[in-house]
Amino acid sequence: MDFEAFGTGGFSTPAASLPELIKSNIFLLDLRTREEVESFSLPFAANIPINELPDRLDEIPQDIPVILFSSGPWRSSVGLAYLIAKGFDEVSIIPQGLPEMMKTLKPGPLFGAGVHKQIQPEVAAEQSQAACNCG
């Protein structure tokens, strides 16, 4: 793990890049509690509460970029450090958390980014790796 990357934002994915990333081959991981997810969830994100992460690592793919988010930066940062320690190479966080994400996940920005269109999987994989700032 490179602590310089934490200080310089080397492991962060800007919330504004989400519309493009959603249509590519990424694994978006919500680390919020079940109660938080019950009040608001994202259909394209998997939910593994941070306290369940050690027991559910097998649910997280290691062959595509993983982007973590929560209500704020703390749980995502802990999850990031844990996944890196467990050998995940392509992992990043959305440090602004869900409030900032919601600004870019409205129907207008999503439609404008073409999330509703299909793209080729090999193109999606290349785009997602370059855009998410993972690994």
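How many helices and strands does the secondary structure of the chain come to? Seven helices and four strands. This is a predicted model, so please hear everything that follows with that in mind.

From the N terminus, the order of elements is α-α-β-α-β-β-α-β-α-α-α. The chain has 135 residues, and 43% of them are buried. If you take contacts between residues at least 6 apart in sequence, 72% join residues at least 24 apart.

Now the inside. The largest nonpolar core has 17 residues. Those with the most contacts inside this core are L29, I60, V66, L68, L80, L83 and V91. At least two core residues come from each of β1, β3 (66-69), α4 (73-85) and β4 (91-93). The biggest contributor is α4, which gives three residues. There is also a second, separate core, with 14 residues, including I22, I26, L42 and M101.

You will find R32 in the loop between β1 (27-30) and α3 (34-39). Is R32 buried or exposed? R32 counts as buried, because its relative accessibility is 2% and the cut-off for buried is under 20%. The side chain of R32 makes a polar contact of 2.7 Å with the side chain of D30. Setting aside neighbours within four places in sequence, R32 also contacts V37, F40, S41, N47, P49, F69, S70, S71, R75 and L98.

That is what I have on this chain.

Definitions and conventions:
Residues numbered from 1 in each chain as written. Predicted model: local features only at pLDDT ≥ 70, side-chain atom pairs only at ≥ 80, totals over all residues. Heavy atoms only, no water. Buried < 20%, exposed > 50% of the residue type's maximum accessible area, 1.4 Å probe, protein only. Polar contact = N/O pair within 3.5 Å; in protein donor to acceptor, adjacent residues only side chain to side chain. Contact = heavy atoms within 4.5 Å. Core = buried A, V, L, I, M, F, W, Y, C linked by side-chain atoms within 4.5 Å.
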